[in-house]
Amino acid sequence: MNLPNPSYRGKVRDIYDLGDTLILTSSDRISAFDVVFSQLVPDKGKVLNRISTAWFAFFQDIPNHILETDVSNFPVPFRDHPDLKDRSVLVKKCKRIDYECVVRGYLSGSGWKEYKDVGTLAGKTLPKGLQESQKLSEPVFTPAVKNDQGHDENISEKEMENRIGKELFGILKEKSISIFNRASEVVDRVGIVLCDTKFEFGVLDGEVILIDELLTPDSSRYWSAETYSPGISPPSMDKQILRNYLETTHWNKMPPAPDLPTDLVHVLREKYQKIEELILSCTSQKSK
Ligand SMILES: Nc1ncnc2c1ncn2[C@@H]1O[C@H](COP(=O)(O)OP(=O)(O)O)[C@@H](O)[C@H]1O
Ligand SMILES: [Mg+2]
């Protein structure tokens with residue numbers, strides 16, 4: 001049976017809105033600098049879906065949106081659909097809390113940029129003299145407002161607290177930091193550094209639940225402990241070779257995206273498989 005058109009197409013995922021539920025499908029599309037390439041990375045969507053699903057299962061004590069991961073139990077016409085198999089989840093549709101709950105264990109990306117420019121992280125002053133990618137003395141909550149048009153906007157904790165209230169803010173921050181700490185500890189055992197990640201939460205029947213994707217390479221910055229060093233920008237475990245390649249093309253990072261060589265696509269595929277293997281090897285032991 002043909003699939004209906006997705007209700008929403010993200011850069012990488014397709015979403016089918018079924019009323020009280022959603023089907024989130026991870027495609028094999030790949031993006032960099034917010035631009036999607038026309039080449040697909042075979043199985044990337046399956047890998048990301050398996051990683052996210054494995055983390056949701058690992059954090060079984062934290063309420064989440066997952067209803068079903070097996071496509072043979074999806075409703076018709078989605079049931080057993082080959083385009084959805086192994087790359088989709090059926091989830092409870094929630095009232096999304098429109099914030100990205102970002103947690104940073106290390107100073108990188110827009111966090112490093114803010115510190116370098118004005119000496120703060122999410123508006124809070126940090127000690128002077130920190131280096132790029134340096135480990136923070138403790139993970140820092142650096143929220144962003146989700147902005148459907150264009151880029152998300154980083155805000156301070158205080159700003160978020162003022163907007164959503166002390167109680168909800170406290171719940172989101174506490175859950176985010178706790179998940180981050182536990183995930184960091186787990187991936188550390190297989191030689192991975194979890195630099196930062198973002199969580200999304202929703203509300204269903206008055207309860208705050210974890211939604212979206214969880215701790216995937218698309219929502220997180222994973223580094224290999226072998227190549228990690230403060231003072232540099234360590235290679236990302238998934239997209240670094242793509243970024244390096246793009247540097248050689250002198251592409252201006254505006255659409256249209258350049259074509260990707262077949263060899264590069266193969267290597268990207270292997271990178272994703274390697275990350276999956278490592279993460280699944282440590283998430284398969286259930287959390288205590
Ligand atoms: N359980 C859920 N209930 C409601 N919205 C959700 C749920 N899980 C994820 N979402 C939303 O679905 C969308 C997924 O789209 P995504 O592929 O991330 O595209 P993009 O982030 O590029 O818009 C996001 O807007 C996310 O907040
Ligand atoms: Mg998203």
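Modeller: Start with the salt bridge: a side-chain nitrogen of Lys or Arg within 4 Å of a carboxyl oxygen of Asp or Glu. Side chains of opposite charge can pair when their charged atoms come close. Keep in mind that this is a predicted model. Here D218 and K44 form such a bridge, with the closest N and O atoms 3.2 Å apart. The two residues are 174 residues apart, D218 in the loop between β16 (207–211) and β17 (220–224) and K44 in helix α1.

Biologist: How many salt bridges does a search of the whole structure find?

Modeller: The search finds 28. One of them joins R87 and D28, where the closest N and O atoms are 2.9 Å apart. R87 sits in the loop between β6 (66–68) and β7, and D28 in the loop between β3 and β4 (31–32), so this pair ties together parts 59 residues apart in sequence. R87 is buried at 11% relative accessibility, and D28 is buried at 13%.

Biologist: Which parts does the salt bridge between D43 and R269 tie together?

Modeller: Their side chains meet at 2.6 Å, N to O. D43 lies in the loop between β5 (35–36) and α1 (44–58), and R269 in helix α6 (residues 262–283), so the bridge ties together parts that are 226 residues apart in sequence. D43 is partly exposed at 21%, and R269 is partly exposed at 29%.

Biologist: Which residues are linked in a network of salt bridges?

Modeller: R13, E100, K146, K198, E200, D212 and E213 are linked in this way.

Biologist: Now the ligand. Which residues come nearest to ligand 1?

Modeller: Of the 17 residues around ligand 1, these are Y8, R13, K92, R96 and E200. The shell divides into seven nonpolar, two polar and eight charged residues. Domain 1 (8–92) and domain 2 (95–240) each give at least three residues to the shell.

Biologist: What polar atoms lie close to ligand 1?

Modeller: A polar side-chain atom of Y8 is 2.4 Å from an oxygen atom of ligand 1. Polar backbone atoms also take part: one of C94 lies 3.0 Å from a nitrogen atom of ligand 1, and one of D212 lies 3.2 Å from a nitrogen atom of ligand 1. Taken alone, ligand 1 exposes 560 Å², and the protein buries 84% of that.

Conventions: Residues numbered from 1 in each chain as written. Chains lettered and ligands numbered in written order. Predicted model: local features only at pLDDT ≥ 70, side-chain atom pairs only at ≥ 80, totals over all residues. Heavy atoms only, no water. Near = heavy atom within 4 Å. Polar contact = N/O pair within 3.5 Å; in protein donor to acceptor, adjacent residues only side chain to side chain. Areas by Shrake-Rupley, 256 points an atom, 1.4 Å probe, with all protein chains shown as cover. Nonpolar A, V, L, I, M, F, W, Y, C, P; charged D, E, K, R; others polar. Domains from an automatic or database assignment. Helix = DSSP H or I, 4+ residues; strand = E, 2+ residues; numbered from the N terminus. Buried < 20%, exposed > 50% of the residue type's maximum accessible area, 1.4 Å probe, protein only.
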